[in-house]
Amino acid sequence: MFLDLHTHSTASDGQYRPDEIIQMAVNLELEAIAITDHDTVDGIAEARKAARSLGMNFIPGIEISTQLEEEIHVLGYFIDEKNEQLRSACQEFMDSRLGRGNRIAEYLRYRGVAVDLEEIKSLAGEGSLGRPHFARYLQDHGYVRTRQEAFLRYLDTPEFHRQTDRIKPTPQEAIRLIHGAGGKAVIAHPGLLKMGKHWQESLFKSLREEGLDGIEAYYGKHTSAQIKYYRNLATELGLKVSCGSDFHGEKVKPTVKLGMIFPDEYRGMLIKE
Ligand code: AMP
Ligand code: ZN
Ligand code: FE
Ligand code: FE
């Protein structure tokens, strides 16, 4: 199978509009495409419309940033984007991202960057403001040569996190929100978690009790050993798996292409409605 269940559009920090992503999925002949913007459902209506007219199998999604000891991303699939609770939670996430934007600006000024927050907000447009917008600004204004360097030197340092943290929901809250909107909840890119395997296993077990539906075993940056490990763990815990690239467009994530190969033999494990 060729599909992609993890992509970002201009509704958050991606390069392409939702309808453009759908068109790209059609061109690549993907079997299914999900758009999973950070903390917002604003891109879904446009994507669905494009998918209908082009005959693409579209899954409405979201990626919610949550916090325990470390940041954990929870994907929601098959969500009803009109759900009131989900919409108002997304509004709160947007506000909290704007508040954090002010703190990021302060932090960057203290680091010697001449910050024009209005320019950065205009990079985000209507989309939810995120670190990649700041990374682009730092690159455009010659503070760093690459986006990666922007994260390394400015946007992913311990000091950055200490000074700019915002209040995020817990994974349990995200799962409840997703289920409340009729969706399925999946832990994103578990291979990026800093906590050890033992802690991950007990976390996934306890989240399964809260209704967790799956883990993103097939992730663009996972090694084949990680894929196998998380697929086996999903089987053991009775969870489904998901498969996504985290496509943001080549300007945002130069090495990540749209589309992932998922082995047919595990088709039954894929997250479904
Ligand atoms: P935010 O949700 O605003 O905290 O931004 C998260 C986005 O920043 C995600 O799309 C990540 O891919 C990107 N990101 C976070 N840390 C790094 C890093 N160290 N290098 C490159 N991109 C990163
Ligand atoms: Zn992103
Ligand atoms: Fe993520
Ligand atoms: Fe993502």
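I am working with a predicted model, in which local features need pLDDT of at least 70, side-chain atom pairs count only at pLDDT 80 or more, and totals for chains, interfaces and linings use all residues. Residues are numbered from 1 along each chain as its sequence is written, chains are lettered from A and ligands numbered from 1 in the order in which they are written, and side-chain values use heavy atoms, with hydrogens and water left out.

**Entry 1**

I looked up Asp39 and found it in the loop between S2 and H2. Its phi is positive, about 60°, although Asp39 is not a glycine. For accessibility I used these classes: buried means under 20% relative accessible area, exposed over 50%, and partly exposed in between (1.4 Å probe, protein chains only). Asp39 has 0% relative accessibility, so I put it down as buried.

I then turned to His189, another residue other than glycine with a positive phi, here near 25°. His189 sits in the loop between strand S5 (184–187) and H9. With a relative accessible area of 9%, His189 is buried.

**Entry 1: the iron ion**

Which residues coordinate the iron ion (ligand 4)? I found His6 (NE2), His8 (NE2), Glu63 (OE) and Asp246 (OD), at 2.1 to 2.2 Å. Donors here are N, O and S atoms within 2.8 Å of the metal (3.2 Å for Na, K and Ca); water is not among the atoms, so sites may look incomplete. Along the chain, the iron donors follow the spacing H-x1-H-x54-E-x182-D. Both His6 and His8 are buried.

The angles among the four donor atoms run from 80 to 167°, and the site of the iron ion (ligand 4) is irregular. The rule I applied: four donors count as tetrahedral if all angles lie between 85 and 135 degrees; four count as square planar and six as octahedral if opposite donors are over 155 degrees apart and all others between 65 and 115; anything else is irregular.

**Entry 2: the zinc ion**

I moved on to the zinc ion (ligand 2), which is 4.8 Å from the iron ion (ligand 4). Its protein donors are two OD entries for Asp13, plus His38 (NE2) and His248 (NE2), at 2.0 to 2.6 Å. The spacing of these donor residues in sequence is D-x24-H-x209-H. Asp13 lies in the loop between strand S1 (2–3) and helix H1 (18–27), and His38 in the loop between strand S2 (33–35) and helix H2 (44–54), so the pair ties together parts that are 25 residues apart in sequence. Asp13 is buried, at a relative accessible area of 6%, and His38 is buried as well, at 10%.

**Entry 3: helix H5**

Is helix H5 enclosed or exposed? Seven of the ten residues of H5 (residues 131–140) are buried, so the rest of the structure largely encloses this helix. I listed the buried ones as Arg131, Pro132, His133, Phe134, Ala135, Tyr137 and Leu138. They pack against helix H3 (84–110), helix H4 (117–124), helix H6 (147–155) and helix H7 (158–164). Gly142 follows H5 and has a positive phi, near 75°.

Asp156 is partly exposed, with a relative accessible area of 46%, whereas Thr157 counts as buried at 14%.

For contact I took heavy atoms within 4.5 Å. Not counting residues up to four places away in sequence, Asp156 touches Arg131, Phe151 and His161. Asp156 and Arg131 are 25 residues apart in sequence and 9.1 Å apart in space, C-alpha to C-alpha. With neighbours within four places left aside, Thr157 is in contact with Tyr107, Phe151 and Leu152.

Conventions. Helices (H or I, at least four residues) and strands (E, at least two) are DSSP runs, numbered from the N terminus.
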